[in-house]
Number of protein chains: 2
Amino acid sequence: MHQTRLYERVCGKLEEAMRVGALRPGDRLPSVRRLSERERVSVSTVLQAYLKLESRGLIEARPQSGHYVRWQRPLPPEPPPTSPAPGATPVTVSALVAKVVDSARDPDLVPLGCNQPDPDLFPWRRLGRIVAGIAREGGGFSYELPPGARSLRRQLARRSLDWGCTLSPEDFIVTSGAMEAVQLSLLAVARQGDAIAIESPAYFGSLQLIEALGLKAVEIPSCPRQGMDLDALERALKSRRIAAVLAVTNFSNPLGCVIPDANKERLVEMLGAREVPLIEDDLYGDLYFGDSRPRAAKSFDRRGLVLYCSSFSKTLAPGWRVGWVVPGRYRERVALLKFAQTVATASLQQLAFAEFLAAGHYERHLRALRKSVAATMRSLGDAVAAHFPAGTRATRPEGGGVVWVELPGGISALELHDRALAAGIAIAPGPIFSARQDYEHCIRISCGLVWSPRVEAAIATLGRIAAELRSGAEAPRVRHG
Amino acid sequence: MHQTRLYERVCGKLEEAMRVGALRPGDRLPSVRRLSERERVSVSTVLQAYLKLESRGLIEARPQSGHYVRWQRPLPPEPPPTSPAPGATPVTVSALVAKVVDSARDPDLVPLGCNQPDPDLFPWRRLGRIVAGIAREGGGFSYELPPGARSLRRQLARRSLDWGCTLSPEDFIVTSGAMEAVQLSLLAVARQGDAIAIESPAYFGSLQLIEALGLKAVEIPSCPRQGMDLDALERALKSRRIAAVLAVTNFSNPLGCVIPDANKERLVEMLGAREVPLIEDDLYGDLYFGDSRPRAAKSFDRRGLVLYCSSFSKTLAPGWRVGWVVPGRYRERVALLKFAQTVATASLQQLAFAEFLAAGHYERHLRALRKSVAATMRSLGDAVAAHFPAGTRATRPEGGGVVWVELPGGISALELHDRALAAGIAIAPGPIFSARQDYEHCIRISCGLVWSPRVEAAIATLGRIAAELRSGAEAPRVRHG
């Protein structure tokens, strides 16, 4: 315990020195021996601190030479707000999504397309022990019917304080992941043909759901800093009937934006006044890099009109399929639909997560996970700056797990996607994030992986392909025939 | 091994003697010593055989006296074919189902309402060891995206021979239980407002799904022996557009019927000629009491128009939520919908079931489970005959897990349900099995529990309440006010 605090103190001092410019990119750090003497800590404590800073991409070890502050290139500029075409449109993205998801199955690919945490970051030993203990005692074989295992709902209610809410176990319905939570919410509040307002670009899974349920999408202009443009949303609400708004409120996917608190409040008020439900997808809220978790829009909800959805799939174990919805005034209908559609969520995982959370493991795990994702995202920004063609823009999210990259004119994301696959790299091309398959010059890169030379090399390859496509796009084309 | 065969031989001989009337109800069986001498087997073999027959409800031990053939009362007559009102109707059963399901949550109730196997019959020790082994090695934490774990699909393909099919692993999509399989199938072939033909009475979960998806039900007359009346179905198909037929083909719920092979073939042909898909729910096919498994209607499918759905929820572990669909020509659409709605089925359970099946445990487990359910069903028929009012009818299924009881005129199933709950017994009242809440004089009793004095007493109580309700119903009512 004491040892831990010591090396963290050393890390903190060095980071501070970098922040204030006492240590600049390219500077050599003090030798391990000297720092150990200066800070009056053991050599191994200093080594631990250096390893930590290295793993976070802040310093690098050069053989026979020592440790250096990494060169942080100026990050690429951020993309401007989007401007999707107005009006409601049927969604036709599923076939393309299926093609992209299918193409990314090869386990030998560098997986920068699918946004899930590096399996090395799952607390699988501990979760494995918990699940083994439950199953060996005969637990988890019977149904945990909706609303789901009370032990888990109690833990979720406890965590809701962190979201700015004060929810009770009775407010929750456990689902098979966040997507089922969103699916149930959509089915509870909308009928076939209804229009759903959604950020643009939006998570392709949400677009697929809208398509699967026969709904239409109204894409709302959004920006990487503030999310959905609320003035544009208000105009859309005035111009036609909107059955619900679906928004990722914190570290959205793919833009990475957090809707500021004032906007969250305005959004909830604006919809409340019109009795339009808000389906809040807060899948990434726990993955903040700053000091505290951003609030949920649900925390401003006085009318029960916010259906709050989330899961453990981005933080603990995607394959365990446990999520939840807090459906507000739609609770009864959502519980009915859950029972009718999938009866119940797998019991074993509900009980195991409850035990994991009750023992306090989740917070400790999150701290480590956040640092890893933050380090990967920092290194990724750096690598994009180094390797992508001039004119490239990229988001700088303060949490979540994805970076949205806008390629300079003429580069086709689908072509880049195909050529990257051939080079052993999976990415997510922009058009799958839009009902109309816009964003054809954008790609999404996932930061779930622990940063490594292999990932760095993949980014360099992507940059090289992009540069090649650019010169191809700019070269005068000779028409045949 | 040898020992097993010996005691089974002794059982077989005694059963044969009962069948041909050499041993009649009330007869005393030979003493253990005498039978051991006559059959030239050990005393312990005879004891084992007697225990077996006792557990199956065929004989009973009387203290200080010996073993006797149980008094098998003549079973109640079977209910006649049903005659639901024709035409398509919106389904409005969910609220009543929710009330019934909610009321049955109390773990102290005798659970004759919910149809799931007695937890004592789950092979939970073995499944627990398998799941523990997988989780401790880090397995099951990542997604097994649709179509699902190949190891499981291989085992399912192997089993399909038993259904009369020759399916390949590629034909399957793993789902979160059979209900999700049916949900995906409905969503793949029907649009809001479409009419679905369904048996009458039908499983309440299917009716709920039809309601949840905004579809309509066309209830087809059905009988406990042959299932859906195909002439009536043909008339319905001629009179209006039917988007799909949804049928439990083997040991249906609640009627317990197996559609005869000739009818299965005719059904598949009739629908094929009209290009109407058949959603086949074969949840109970493995729970046959006879010599062999009834075929799936899918085995007659030449056009890919049958969407075959099933799961392990009635045979292994309901809370594990693993099922599957063989969607025929709708494969691509079903896979898309599965991904869009719940992303994937829990990985751990997919891998564990695959291992359980590959090791050959499933067949051994099924043999024991079938015997237990058959014994409970036999004892239940006996108990209904003994304790229910004259005029009661009851089905005699040759597999599955439920008995459908038609009460003599005037007895309200909902009233019986409420009074039974107050007496600590859960049953399923008839109206939840109909889109229009017909069958108000019927109840469904589940046979998942191992037969015991507690269950016997519960049936006696139900019979007593029914008798009281009958005399109440028949007494002249005095109107007040």
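Reader: Which residue in S12(A) is the bridge partner of Thr175(A)?

Author: In S12(A), Thr175(A) has Gly323(A) as its bridge partner. This is a predicted model, in which local features need pLDDT of at least 70 and side-chain atom pairs count only at pLDDT 80 or more, while totals for chains, interfaces and linings use all residues. Residues are numbered from 1 along each chain as its sequence is written, and chains are lettered from A and ligands numbered from 1 in the order in which they are written.

Reader: In what sense do strand S5 and S12 of chain A pair, and over how many bridges?

Author: Strands of a sheet pair through backbone hydrogen bonds, either parallel or antiparallel. Here strand S5 (residues 173-175) of chain A pairs with S12(A) in the antiparallel sense over three bridges, where pairing requires that DSSP finds at least two bridges between two strands. Strands (E, at least two residues) and helices (H or I, at least four) are DSSP runs, numbered from the N terminus. Strand S11 (residues 306-311) of chain A is also antiparallel to S12(A), with four bridges between them, and Tyr308(A) stands opposite Val326(A).

Reader: In what order do the four strands of the open sheet in chain B stand, and which stand at its edges?

Author: The order is S13-S14-S17-S16, and the pairing is antiparallel. Strand S13 (393-394) and strand S16 (428-429) of chain B each have a single partner strand, so one side of each is left without a neighbour in the sheet. Two bridges join S16(B) to strand S17 (residues 442-446) of chain B, and Pro429(B) has Ile443(B) as its bridge partner. Helix H13 (residues 361-387) of chain B lies across S13, strand S14 (402-406) and S17, at about 15° to S14(B). Axes are lines fitted to C-alpha atoms, for helices over the stretch in contact, and angles run from 0 to 180 degrees between N-to-C directions.

Reader: Which residues have the most contacts inside the largest nonpolar core?

Author: In soluble globular proteins, nonpolar side chains tend to be buried together. The largest nonpolar core here has 298 residues, and Leu186(A), Ile196(A), Leu186(B) and Ile196(B) have the most contacts inside it; such a core is a set of buried Ala, Val, Leu, Ile, Met, Phe, Trp, Tyr and Cys residues joined through C-beta atoms within 7 Å.

Reader: How many residues of each chain are in contact across the interface, and what relates the two copies?

Author: Two copies of a chain are related by a rotation about an axis and a shift along it. Chain B can be laid on chain A with an RMSD of 0.3 Å by a turn of 180° and a shift of 0.1 Å along the axis, which is the relation of a two-fold axis. The copies are superposed by least squares on the C-alpha atoms of residues with pLDDT of at least 70 in both. In chain B, the C-alpha nearest the axis belongs to Ala132(B), 1.9 Å from it.

Across the interface, 50 residues of chain B are in contact with 50 residues of chain A. Helix H5 (124-136) of chain B is among the elements that give two or more residues to that side, and H5(B) gives the most, with seven.

Reader: Where does Tyr143(B) lie, and why does Tyr143(B) count as buried?

Author: Tyr143(B) lies in the loop between H5 and helix H6 (150-159) of chain B, and counts as buried because 20 C-beta neighbours are inside 10 Å. Among the residues that Tyr143(B) touches, not counting those up to four places away in sequence, are Pro318(A) and Gly319(A), as well as Val343(B).

Technical notes
Contact = placed C-beta atoms within 7 Å. Buried ≥ 20, exposed ≤ 12 C-beta atoms within 10 Å, placed from the backbone.
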